[in-house]
Structure formats: C-alpha cells, structure tokens
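Reader: Please take a close look at one part of this model, the place where its ligands sit. What surrounds them there, and how far can it be trusted?

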Amino acid sequence: MHYADLAALYHQPFFSLLQQAREVHENHWSDSSVQLCALLSIKTGGCSEDCSYCAQSAHYTSGLDTERLMEKEQVLERARLAKANGSTRFCMGAAGRGVRAGTRGFESVLEIVRGVAALEIEVCVTLGELGAEEAEALRLAGVTAYNHNIDTSPENYPNIVTTHSFQDRLNTIRHVQDAGMSVCCGGILGLGETVEDRLRMLEVISEFNPPPESIPINALMPMPGTPLADGKPVDAFDLARLIALTRISTPRARVRLSAGRTCLSDEAQALCFFAGANSIFYGDKLLTAANPAVQNDLALLEKLDLEAKPANRSAPAPCSTPERPLSPAPK
Ligand code: SAM
Ligand code: DTB
Ligand code: SF4
C-alpha cells in the first residue's frame, strides 16, 4: 500500500481506524483464532552486529551471558513441550550476522531443524543474513517460515544499525522467498522513530511480493547497556493504531502482537486483538526477555472468546506429557 494511502488511514480518528481494521479483519479471517508461537534462543549473545535495541549485541554490555549453540536433544525437548502446550509454530533464534553454508554451525542448525520438523510443528528460524544456498538448504531441512524483520523505515535504519544495511535485510528476504519459505517480517516501535518512519516501514512490508505470511509488531523492551536502554515505553494506543494499519495493509497476514506484552494491560492487548492482531509469542520467555505467563495468556484468550489456532490435523498426538494443561484456563 502506498505511503499516501497509509497516511490517510492512519490520521483518521482512532475509532474510525479501528472500525475499518475490524471490518477488514472480519472479511479475511472467518474464525477467532490466535496463532501461538513458541520462541527459543538456540544460540545467545556475542553478536557481531550493533542493533541498538538488542541485548545480544557484543557492542554493548547488557550483562547477558553468551551461550553456544544448544544441543539438538535439548532443543527437541523444548519443541515437544511447546507442541504439547498448544503452540503450532516453534521459532528458533540465533544471534549473529548470519549463517554460511558448509560451516559446522550451519550443519548443526540444519540437523536441529530436521529434528523439529519431524515433530510436525511449523518450524520458523531467525538466523540473520542468508544467501540463496543457505535459504534452499533450510527449506529442504523443513523450515516453514523465516523471520527477518526490517525493524523500522529505510531512512531510520542507519540510526539503529550500522553493521549491515537495510538493503542487506531486503536481500535476505528475497532469498527466503525465492527458496519458497514463508516470510515473517515486521518491526519494532519505540526506537525513537517518527510516525512517518512507522508508515514507511509498513509501506515496505505491505509491498513485498508476495506479502509476508506473518508480521510481528514488537514494542521496544529497553535493554540495560544498549543505546536504547532509556527508551520511552510505547503508547498502547499508538501500538493499536499501527496494528490496525498493518491489518488493513496486509489483510491475509498473521499480525503478531510480539515483544513488550509484559508492559501491556489485558485491556490494551484486547484493543490490539480487536485491531487485527491474531498471533502471539506464547511461553514465559522471548529470546532473552520475559513474556507473559502462559496461564495469563490462556485466561486472557478465554475472556476475549478467542481460540488458540488448532494444530494441523494430520499431526500426531504430542509425544510428551504437557508441562502445563492446555485448557481450560483457570478462572
Ligand atoms: N539475529 C537475527 C536478526 O537480527 O534477524 C534474529 C534475532 S533478532 C533478536 C529478532 C528480532 O527481535 C529483531 O529484529 C527485533 O525486531 C526483535 N527484538 C530484538 N530485541 C528487541 C527488544 N529489545 N525489544 C523489542 N524487540 C526486539
Ligand atoms: C520478533 O519479531 N520478535 C521476537 C522474534 N521475532 C524472534 C524476538 C523478540 C525479542 C525480544 C527481546 C529479547 O527477548 O531479547
Ligand atoms: Fe545480532 Fe539479531 Fe541482535 Fe542484531 S538483532 S544484535 S543481528 S542478534
């Protein structure tokens, strides 16, 4: 969607924008399902990149311990639990600029992906920069979706990251699409960007061809030691507005209410679901930061008469005992 159209929509009165987003949502999503995505950091910290929001960058002293690539069995254990708890997508993140075919690290990641894919849960990875060869190898190993955010507008990107470019991000997304994986691409609010930057970000995302399958909208979680440690909290109404606009500009994408939910009230989250969010990260931890407890999320979904997206019917029964009961949520 062109910038001018996004701007015209955005600058309407709040309730008009929400009403339009709701209408688009109802026209494209016949159910009230919310996709639950589990997240696991399989390789943490020590990253060469200088993304100014990120606790995992080696350029800053956030106090985070660096951890090597997890063992396959440990990852599989977490994936089984995630599936048993109701997540339909398992997203694995690794800190670093990117991955390179032929390296031992990448071979180990492919091995992990094959193992998770065999559990019949959707497999998402977020590993930074990819070339065509790496993208193809990941798809063959069983990756369904690749998360690679553009985070902000092209104009603001150099203020946030200097070790790679906005164009580098777009190139990776192209490789992911060419290899036939779904693209999961969104951004962060709260980086000091203007409303114009937010709209430009959505202009770029909504004009991908094909459009992304999912769009995570993160609110900055300020990380000690990073340049954005003192970032101001994102206003919940601004967040709802942006989610509404994302829903209107990419009607078929799962819009994920992502990082920062621990700072949102249930009511603010309800507004975001009303505006078109239909996916969340589910589980007590994001990559390094906290996420709402699963029991709170189940209770909230129940209060709002939203349903966890059912698992693919062809998938076999969970292979381990659930850590927590899936439902019903406690009253
Ligand atoms: N290294 C890979 C990359 O940069 O694409 C994958 C991991 S990276 C941590 C994934 C995304 O998490 C970032 O693009 C950003 O949107 C989000 N993120 C990271 N730190 C965050 C923070 N402190 N607050 C909100 N979102 C954050
Ligand atoms: C995304 O857009 N958000 C997730 C996921 N993709 C990988 C990551 C959020 C990270 C929040 C900060 C942290 O846990 O360190
Ligand atoms: Fe590294 Fe990704 Fe964090 Fe940037 S966002 S510092 S690339 S882990």
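Author: Ala, Val, Leu, Ile, Met, Phe, Trp, Tyr, Cys and Pro count as nonpolar, Asp, Glu, Lys and Arg as charged, and the others, Gly among them, as polar. By these classes the shell around ligand 3 has 5 nonpolar, 2 polar and 1 charged residues. The model is predicted, with local features needing pLDDT of at least 70 and side-chain atom pairs 80 or more, while totals for chains, interfaces and linings use all residues. Side-chain values use heavy atoms without hydrogens or water, residues are numbered from 1 along each chain, and chains are lettered from A and ligands numbered from 1 as written.

Around ligand 3 (a heavy atom within 4 Å) are Cys 47, Glu 49, Cys 51, Tyr 53, Cys 54, Ser 57, Ala 95 and Gly 96. Ligand 3 sits in the largest cavity, with more than half of its atoms within 2 Å of the grid points; a cavity is a set of points on a 1 Å grid where a 1.4 Å probe fits but cannot get out.

The space taken by ligand 2 is also the largest cavity. Its shell has 8 nonpolar, 5 polar and no charged residues; among the 13, Asn 149, Asn 218, Leu 287, Thr 288 and Ala 289 come nearest. Oxygen atoms of ligand 2 have polar contacts (N or O pairs within 3.5 Å) with the side chain of Asn 149 at 2.8 Å, that of Asn 218 at 2.8 Å and the backbone of Ala 289 at 2.9 Å. The protein buries 88% of the 410 Å² that ligand 2 exposes alone (Shrake-Rupley, 1.4 Å probe).

Technical notes
Polar contact = N/O pair within 3.5 Å; in protein donor to acceptor, adjacent residues only side chain to side chain. 1 Å grid on protein atoms, 1.4 Å probe; cavity = no way out; pocket = protein on both sides within 12 Å on 5 of 7 lines; lining within 4 Å.
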